[in-house]
Amino acid sequence: MTKNQQTAQQELRNLLPDKRIKALDYETNLFAFIIYNLINRSEANWFFLHFYKLNWNPYCRHVGKKWLKMDTKYEQKLRNKIFPDLKDVLELDFTLDEHPIPFNYENGYGEVIDDYPGAEYDPIPSRIAMQIPTDNAAFMENYDEYIENYKQNKLTGRYLFDFEFQEARINRYIETLKKYTNGTYSLTYDKIKSFSEENEVALLEYLQYQSIMGKISITDIKYEKNTFVLGNLNKIKIYFKYINKEIKRFEKIDSINFEFDNYEQLKNVIINGEILKLPAGKLKVLRDILKTKDPDDIGSNSLSSQVSKINSAFKEFQKQHGIFDTKHLINPKNDEGIYTINDDFCSLIKGI
């Protein structure tokens, strides 16, 4: 770090004496980013992230190229840092399960590994399954707060200049990507991390903040064969595009209009004249709650998850339009086991 950079960092610390929230390390933040966006788009009650690994031992030899790629570089960090931080810092609810899987591949010499002497000491491949329920309200709120702290320059632990400085550098970088894209940008995790380190910015946090604000859309997160390979996080690629629409700013919510079609199906939720985008499944759940149907008719196993995601979408909509003192739309179940609309909004509702 140059002397000028050190001086700039000291000046920033002097300006922000309350800067106290530790930034997540790159890998933990990557997993939080992926999980946050998968929860937002999932229609199921839970989803899985899978990791392959080899259990090495002193007798292993002649292991084929396929398995050499599946090293254990990140296993200790997953076990000792990433998983605990997701659970303890961000309050992510998840379970882990590990199962051995068949190992009958040929080695690099064309030999079947099970056939050579000492086969009983072969490396045993296994798969770690991370099961994540989509009803993860505490995690979603905590990651929202983490990103808002980033915007307010309250993160420490990495070289982080003020948000406006970061925005200028990041936008210049994204401009250079235009010639390689047809409107959708893509970045591997390695590029995100290396650019962040070289330019002293937080590119992943920036992408998430602009997504929350509705300025970009995270269109996809892909991994080779859809399975994480420990030690190959560079295989992860994040796709996003800019939304070319001026976001209308609100001071508060003045009206909520529920639009139904001729068959009494909920078509749109319109807030202050702007549409709250919800998938068809969530619109159906919201319609049933508005019509105060018996919860059993809605599907009790998935209802709490869907309500949580509707509330998350509603809060995200508020943030996109400049309301950061967000409120939920749907109350927890009452004593009769029925979900109801937040009293703060009942007088503003039209259409029901």
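Visitor: What makes Lys 151 a charge that sits over the ring of Phe 163?

Guide: A charge sits over a ring if NZ of Lys or CZ of Arg is within 6 Å of the ring centre and within 35 degrees of the ring normal. In this predicted model, the charged end of Lys 151 is 4.9 Å from the centre of the Phe 163 ring and sits over it. Arg 158 is another case, lying over the face of Tyr 26 at 4.4 Å from the ring centre.

Visitor: How are these places and values set up?

Guide: Residues are numbered from 1 along each chain as its sequence is written, and side-chain values use heavy atoms, with hydrogens and water left out. As the model is a predicted one, local features need pLDDT of at least 70 and side-chain atom pairs count only at pLDDT 80 or more, while totals for chains, interfaces and linings use all residues.

Visitor: How do you know where confidence is lowest and highest in the protein chain?

Guide: We look at pLDDT, the predictor's confidence in each residue, from 0 to 100. The chain has a mean of 78, and 75% of its residues reach 70 or more. Helix α3 (residues 65-68) has the lowest confidence, with a mean of 44, and helix α7 (residues 189-199) the highest, at 92. Helices here are DSSP runs (H or I, at least four residues), as strands are (E, at least two), and both are numbered from the N terminus. Over residues 294-301 the pLDDT is below 50, and this stretch has nine contacts in the model beyond near neighbours in sequence. Contact means heavy atoms within 4.5 Å.

Visitor: Why is the pair of Phe 139 and Tyr 143 called stacked?

Guide: Rings of Phe, Tyr and Trp (its six-membered ring) pair if their centres lie within 6.5 Å; planes under 30 degrees apart count as stacked, over 60 as edge-to-face and the rest as tilted. The centres of Phe 139 and Tyr 143 are 6.2 Å apart and their planes are at 10°, so this pair is stacked. Both residues belong to helix α5, and being four residues apart they are separated by about one helical turn.

Visitor: And what makes the pair of Tyr 36 and Tyr 143 tilted?

Guide: Their planes are at 55°, with 5.3 Å from centre to centre, and that angle falls in the tilted class. Tyr 36 lies in helix α2 and Tyr 143 in helix α5 (residues 137-151), so the pair ties together parts that are 107 residues apart in sequence. Tyr 36, Phe 139, Tyr 143 and Tyr 146 form one aromatic cluster.

Visitor: Why is Lys 319 called buried?

Guide: Buried means under 20% relative accessible area, exposed over 50%, and partly exposed in between (1.4 Å probe, protein chains only). Lys 319 has 9% relative accessibility, so it counts as buried. Its place is in helix α11 (residues 300-320). Leaving aside neighbours within four places in sequence, Lys 319 is in contact with residues including Asp 144 and Phe 324. Lys 319 and Asp 144 are 175 residues apart in sequence, with 9.8 Å between their C-alpha atoms.

Visitor: How do you know that Ser 312 is buried?

Guide: Its relative accessible area is 17%, so Ser 312 also passes the test. Ser 312 is in helix α11, and beyond four places in sequence it is in contact with Asn 40 and Met 140.

Visitor: What makes a set of residues a nonpolar core?

Guide: The members are buried Ala, Val, Leu, Ile, Met, Phe, Trp, Tyr and Cys residues, joined through side-chain atoms within 4.5 Å. The largest such core has 59 residues, and Phe 33, Met 130 and Tyr 143 are among those with the most contacts inside it. Helix α2 (residues 26-41) gives the most to this core, with nine residues. Apart from it lies another core, of 28 residues, including Phe 250 and Ile 349.

Visitor: How do you know that strands β10 and β11 pair?

Guide: Two strands pair if DSSP finds at least two bridges between them. Five bridges join β10 (residues 256-260) to β11 (residues 266-271), so the two antiparallel strands pair.
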